[in-house]
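Let's walk through this one together, a piece at a time. Keep the picture open while you read.

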There are 2 protein chains.
Amino acid sequence: MTDEIELPGEVTLLWGLRETVRRGRKPSLTVADITRAAVEVADAEGLAAVSMARVAAQLGNSTMALYRYVKSKDELLLLMSDAALDGPPDLPDGLDWRTGLTLWARSLLKVLQRHPWTVQIPISGPPVGPNNLWWFDRALRALGDTGLDEEDKVGVVMGLLTFVHGELRLSTELSKGYAENPEAFGRQYGKALARVVDAQRFPALGKVIAAGVFEGEVPYDEEVEGEFGLGLFLDGVAAFIERRAAGQG
Amino acid sequence: MTDEIELPGEVTLLWGLRETVRRGRKPSLTVADITRAAVEVADAEGLAAVSMARVAAQLGNSTMALYRYVKSKDELLLLMSDAALDGPPDLPDGLDWRTGLTLWARSLLKVLQRHPWTVQIPISGPPVGPNNLWWFDRALRALGDTGLDEEDKVGVVMGLLTFVHGELRLSTELSKGYAENPEAFGRQYGKALARVVDAQRFPALGKVIAAGVFEGEVPYDEEVEGEFGLGLFLDGVAAFIERRAAGQG
DNA sequence: CTCTTAAGCGTATGTCATACGCAATTATCC
DNA sequence: GGATAATTGCGTATGACATACGCTTAAGAG
């Protein structure tokens, strides 16, 4: 309990465990203020617009003032990526794992889609932020009645997280591209492919194009595609749970 | 056939379909040269080191010369992300779909891991580069004997791509973090979590920590974790194929 | 041989993260 | 209560970056 472990800097920062100030001028900002302002800027103008100067302007302070609260921009990005995850939904108790995880994944996707810039922030380490861990906890809880051991649960949740991340990346960046240039997506895309794809070199793709799969308005529908892939993954989890229940590794 | 469709600029660029030059000074570079140099820089020093100036220096040219071949840095990044995918493996014919897709996904992951910076490049649209399409084609081909219709095949491959992307992002960025700061991962991580995680607020996570799952050296082993998640996903695909074979949507 | 066209490249602009040092302000100690 | 020490606020400076612009130069067309 009184184990004297030095907590890493990022951890104390994310959890707001900075030592109480003793002497000197009173801080006029808080780390939370700065994070909130940065998130506002990112939501409104995209991650590219988040510069130290821009965030400081949002707060009515000077650029360099921020560096008294945050060691670097990277640290600010770390804070932002935790702040973007507001608390997870309180799933009703007594759900079977599949319903629970489906709801969980959908909510996560929805939350992340409200802050699409999260995907662009590089991951710098294992999750340590309170909100990240909160979500993690809720997913683990949904797996409570499956009989999996703790390590397997972590594996499943990691896999699901991986999938949601990939999903988010594809869906947000494609839909951004779509918004910027709708022409490139609809029929244009199919036609351009048809022109360029040689059936000799790309036989399977040729068949798909011939079947008209890319003729629709948008070849990639976030909603549908996301549900489809998620369903596939959860089918896999179901099979895994059964295999474990049947007793072998 | 002689449909007069204007191909989008990126397409002609990626496929090397630029008009033949007529008059004027001979170009001393090619788009391929520039792309190759940029990839070299990214491989050796990371994507952050890829500046127009750095790439030009690599080629012994001046910065601004590159802009004669490439409209912007973003265009160069697009070229790089296609170039990073050398051709897909020629899968032996007659494999069942699962073996084929497993090999495919592993190869893709391996190729991408040799160019880890690919994950950091934003996706700007649906795949149009020749190498991207080549890989796509090979995955579709592996699904040839499943009886799925073309649209479903596309869905499955998209899902798998999504997963591999998420996988890659997690694994490369975490392992980079690990290389930079090994301390933060091993026991340190478990201990720090234990200090900060309140069993009241994070009951399920608390159990996992108590079970010692995070006590190992590295909580996230790319190899193992990747195979695990991939297996789950493919189990899901198997279930889906059976469902379709059984006749209902 | 001249003209047209496109390539090479120096310069300039504006944005960015961030190091550094000084001034302003506050809590503590005598 | 006045001195001291700590700590924030912020102006300035630096060096990297993408990229616009325009001049110079080379190569083919007539």
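**Holding on to the DNA**

Start at B:Y67, where a polar side-chain atom sits 2.9 Å from a phosphate oxygen of DNA strand D. A:R68 goes for a base instead: an N or O atom in its side chain is 2.6 Å from a base oxygen of DNA strand D.

Before we go on, some ground rules: this is a predicted model, in which local features need pLDDT of at least 70, side-chain atom pairs count only at pLDDT 80 or more, and totals for chains, interfaces and linings use all residues. Residues are numbered from 1 along each chain as its sequence is written, chains are lettered from A and ligands numbered from 1 in the order in which they are written, and side-chain values use heavy atoms, leaving out hydrogens and water.

Now zoom out a bit. There are 25 residues around DNA strand D, and A:S28, A:R68, B:R23, B:Y67 and B:K73 come nearest (a residue is near a strand if one of its heavy atoms lies within 4 Å of it). Sorted by class, the surface near DNA strand D has seven nonpolar, eight polar and 10 charged residues. Here Ala, Val, Leu, Ile, Met, Phe, Trp, Tyr, Cys and Pro count as nonpolar, Asp, Glu, Lys and Arg as charged, and the others, Gly among them, as polar.

**Chain meets chain**

How are chains A and B related? Chain A can be laid on chain B with an RMSD of 0.1 Å, using a turn of 180 degrees and a shift of 0.0 Å along the axis (superposed by least squares on the C-alpha atoms of residues with pLDDT of at least 70 in both). That's the relation of a two-fold axis. The same surface serves both copies, too: 100% of chain A's contact residues recur in chain B.

The contact (heavy atoms within 4.5 Å) takes 73 residues from chain A and 73 residues from chain B. Two salt bridges link the chains, where a salt bridge is a side-chain nitrogen of Lys or Arg within 4 Å of a carboxyl oxygen of Asp or Glu. Look for the salt bridge between the side chains of A:R243 and B:D235, at 2.5 Å from N to O.

Terms used
A polar contact is a pair of N or O atoms within 3.5 Å; within protein, one must be able to donate a hydrogen and the other to accept it, and residues adjacent in sequence count only if both atoms are side-chain atoms.
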